[in-house]
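Welcome! Keep your viewer open and your selection tool ready, and let's take a walk through this protein together.

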Amino acid sequence: MPVFSHASALDHDTGPEHAERPERLAAVIEALRAAFPDLDLRQAPAATRGQLLRVHDESLLQTVLESKPTGRIPLDADTVLSPGSALAALHAAGAGVAAVDLVFGGDATRAFCAVRPPGHHATRDIAMGFCLFNSIAVAAAHALDRYGLTRVSIVDFDVHHGNGTQAIFDAEPRVQYLSSHQWPLYPDTGQRSERGVGNIVNLPLPPGTGSEPFRAAWRERLLPEIDAFAPQLVLVSAGFDAHRRDPLAQLELEAADFGWLTGELVALADRHAEGRLVSMLEGGYDLQALRECSVAHLHALRASPG
């Protein structure tokens with residue numbers, strides 16, 4: 001099963017005290033190489049301007065791609081643009097596009113994109129929450145346009161609600177967006193009442209939620225929604241910051257919980273989408289937890305031929 005990444009991700013310089021730092025991706029790649037000696041690591045291409053413009057306004061592209069900072073500049077209290085950020089963001093978005101093309105080309109049914117910066121907070125016109133471009137949204141829009149799909153599910157288990165992804169697709173019935181996330185927590189969106197055109201399903205969880213209630217919530221609420229939608233492609237915003245060790249939130253999950261949920265999503269992709277599933281790294285800020293969760297995630301993705 002291919003893993004897409006790119007060295008430019010390490011050049012996105014957020015500063016020495018920033019939670020979303022290059023060491024995150026280095027830890028993921030190191031852990032995956034150690035756990036899977038046969039790891040099929042591939043170079044992610046850069047997204048094209050046209051691919052980005054499917055989900056982003058020209059004004060955001062100008063901010064990220066044409067600012068050309070000589071040092072670190074803040075876009076908001078959390079989000080940083082550095083000299084290497086534009087290239088990293090282009091390859092992060094391009095990874096999702098390449099992975100979608102791969103699973104529709106028949107060479108594999110599943111792929112993981114080990115990239116940074118994350119993307120699910122970026123809206124059409126605003127970079128925010130550590131995110132510059134919304135890579136999972138770029139991948140979804142590519143799948144709709146290139147392959148004529150009518151049903152794409154985006155599954156987001158990051159501890160923070162993917163406000164950007166939801167906002168981009170909340171009026172697009174071909175895209176189902178489902179999220180479990182801690183509430184209250186940044187970005188203070190993702191209430192159950194937010195339904196879009198019937199394509200949005202949010203499940204806010206209280207601080208302290210552990211394995212059993214988390215699994216029950218997915219089993220009873222979110223997984224049946226995906227099953228009923230019968231997606232032709234499953235996209236996953238794979239954030240591992242709901243782990244109990246993560247410093248930015250207060251959920252109490254273990255690596256095994258992410259492995260379990262990944263296995264459930266693989267089964268749904270096998271049932272409805274001829275196995276097609278593309279996962280993209282989002283959050284996760286404790287390096288040890290990030291290592292363990294990434295390995296558990298890939299074990300489940302690789303559990304059957306893909």
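Start by selecting Ser237, then show what surrounds it: beyond residues up to four places away in sequence, Ser237 touches His120, Ile136, Val155, Asp156, Phe157, Asp158, Met280 and Glu282. Remember as you look around that this is a predicted model. Ser237 sits in strand E9, which covers residues 233–238. Is Ser237 buried or exposed? Ser237 is buried, because its relative accessible area is 0%, and buried means under 20%.

Now for the largest nonpolar core, which has 50 residues. Select Phe112, Phe157, Trp218, Leu265 and Leu298, the members that touch the most others in this core. Which elements give two or more residues to the core? They are helices H1 (22–35), H7 (211–229), H8 (255–272) and H9 (287–301), together with strands E8 (200–205), E9 and E10 (277–281). Helix H8 provides the largest share, eight residues.

Zoom in on Trp218. Leaving aside neighbours within four places in sequence, its contacts include Val155, Asp156, Phe157, Ser180, Trp260 and Leu261.

For the last stop, select Phe4, Leu90, Val103 and Val152, which are among the 49 residues of a second, separate core.

How values were computed:
Residues numbered from 1 in each chain as written. Predicted model: local features only at pLDDT ≥ 70, side-chain atom pairs only at ≥ 80, totals over all residues. Heavy atoms only, no water. Helix = DSSP H or I, 4+ residues; strand = E, 2+ residues; numbered from the N terminus. Buried < 20%, exposed > 50% of the residue type's maximum accessible area, 1.4 Å probe, protein only. Contact = heavy atoms within 4.5 Å. Core = buried A, V, L, I, M, F, W, Y, C linked by side-chain atoms within 4.5 Å.
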